Amino acid sequence: MVTIDKKCFSIPQICESGQCFRLDKTAEDTYELLASDRYLKITLEDKNGAAKTLLHCTEKEYAEFWKDYFDIDTCYEEHIARITDEDKYLKEAAQFGNGIRILRQDIWEMIITFILSQQNNIPRIKGLIRTLSERYGQKKETPEGKVFYTFPDVESLSKAEETELRELKLGYRSRYICGTAAMISEGLVELENIKKMDYPQARSELMRLPGIGGKVADCICLFALHQMDAFPVDTHIQKVLDTQYAGRFPFERYKGCAGVMQQYIFYYDLKHSSATH
C-alpha cells in the first residue's frame with residue numbers, strides 16, 4: 001500500500017478530466033484503474049480533514065510504474081503560480097480543478113482511444129474500449145482474483161477485420177483503427193520514433209495515421225507523450241477561448257504547461273457549467 005497526500009492530486013478530478021477512459025469509480029471512495037498490463041485499486045480517505053489517496057500496490061510497483069504514470073515528481077503548484085492575477089477565469093478554473101495531473105499513458109492506447117473518442121461521449125468510449133479489450137486483449141487475474149483485460153496490442157488489432165470491429169459497434173472508426181494498426185504494424189509509422197520527437201514533429205507524424213486530425217493528435221501528444229505545450233481544442237475549449245480570450249489563448253505565458261491549463265479549463269467548463277445550470 002502506498003499513500004499519496006499531495007495537495008494537487010485528486011483521483012475524482014483526474015477521472016473526470018477527459019484524459020483517461022480506464023479509470024472508474026466502483027464504489028464510494030473506491031476507484032479501479034487499468035494501465036498497460038496492470039490493475040490498480042485506489043481508495044480515498046479523509047481523516048480529520050486530511051485527504052489521502054491509497055494506492056493498493058507494492059512500493060516496488062509504485063516506484064517502477066505508478067509514480068511516473070501519475071507524474072508525482074512534478075510540482076503542479078508551480079504551474080498554478082504562473083497564472084496572472086488579471087486572468088480571473090483561469091485562476092478560478094485552476095483552483096476548481098487543482099487536483100488534476102497529466103498522466104503518462106501508453107501512446108498506442110491513446111492513439112486508439114482518441115480515434116474512438118471522435119463524436120462520442122465518455123460512457124460510450126469506455127464501453128467500446130472495454131469491448132475491444134475483452135475481444136482482443138489478454139485476460140489476466142490479480143492475486144486477489146480480480147479478472148481484467150489488457151488493452152489489445154498492435155499485432156492483435158492489425159489482424160482484426162473491419163467487419164469485426166463494425167460488429168462491435170465501432171462504426172466508421174473501424175476503418176481508421178484497421179488502417180492505423182496496419183501502418184504501425186508494417187513500420188510505416190514507428191511509435192518509438194515518435195516518442196523521441198518534439199511536439200510539432202510528433203503532432204505531424206501522428207496526423208499521418210488514418211482518422212487523426214489536429215485535435216486528436218494534440219490529445220495523444222499531451223496524454224501519452226507528456227508534451228505539455230499540446231493544447232487540444234474541442235467545443236468546451238473553443239467556447240472558453242471565444243468568450244474569455246477573444247479566440248486566442250496566451251500560449252507565450254504558459255509555455256511548458258499550456259496543456260495543464262487546458263485541463264483546468266476543460267474540467268472547469270464541464271463541471272462548473274453543469275453545476276450552475
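Modeller: Start with a cut-off: a residue is buried under 20% relative accessible area, exposed over 50%, and partly exposed in between. Keep in mind that this is a predicted model.

Now the rings. The structure holds 18 aromatic pairs. One of them joins Tyr69 and Phe70. Another edge-to-face pair is formed by Phe249 and Phe251. Phe249 has 1% relative accessibility, so it counts as buried. Phe251 has a relative accessible area of 34%, so it is partly exposed. Back to Tyr69 and Phe70: ring pairs link them with Phe9, Phe65 and Trp66 into a cluster.

Next, the helix. Helix α13 spans residues 235-244. Its buried residues are Ile237, Val240 and Leu241. Seen down the axis of α13, these buried residues fall within an arc of 100°, so they line one face of the helix. The face turned away from that buried side carries the exposed residues Thr235 and Thr243.

Look at the two ends as well. At the start of α13, Asp234 reaches out with a side-chain oxygen, which comes to within 3.1 Å of the backbone nitrogen of His236. Just after α13 comes Ala246, with a positive phi of about 50°.

Technical notes. Residues numbered from 1 in each chain as written. Predicted model: local features only at pLDDT ≥ 70, side-chain atom pairs only at ≥ 80, totals over all residues. Heavy atoms only, no water. Phe/Tyr/Trp six-rings, centres within 6.5 Å; stacked < 30°, edge-to-face > 60°. Buried < 20%, exposed > 50% of the residue type's maximum accessible area, 1.4 Å probe, protein only. Helix = DSSP H or I, 4+ residues; strand = E, 2+ residues; numbered from the N terminus. Arc of directions from axis to C-beta. Polar contact = N/O pair within 3.5 Å; in protein donor to acceptor, adjacent residues only side chain to side chain.
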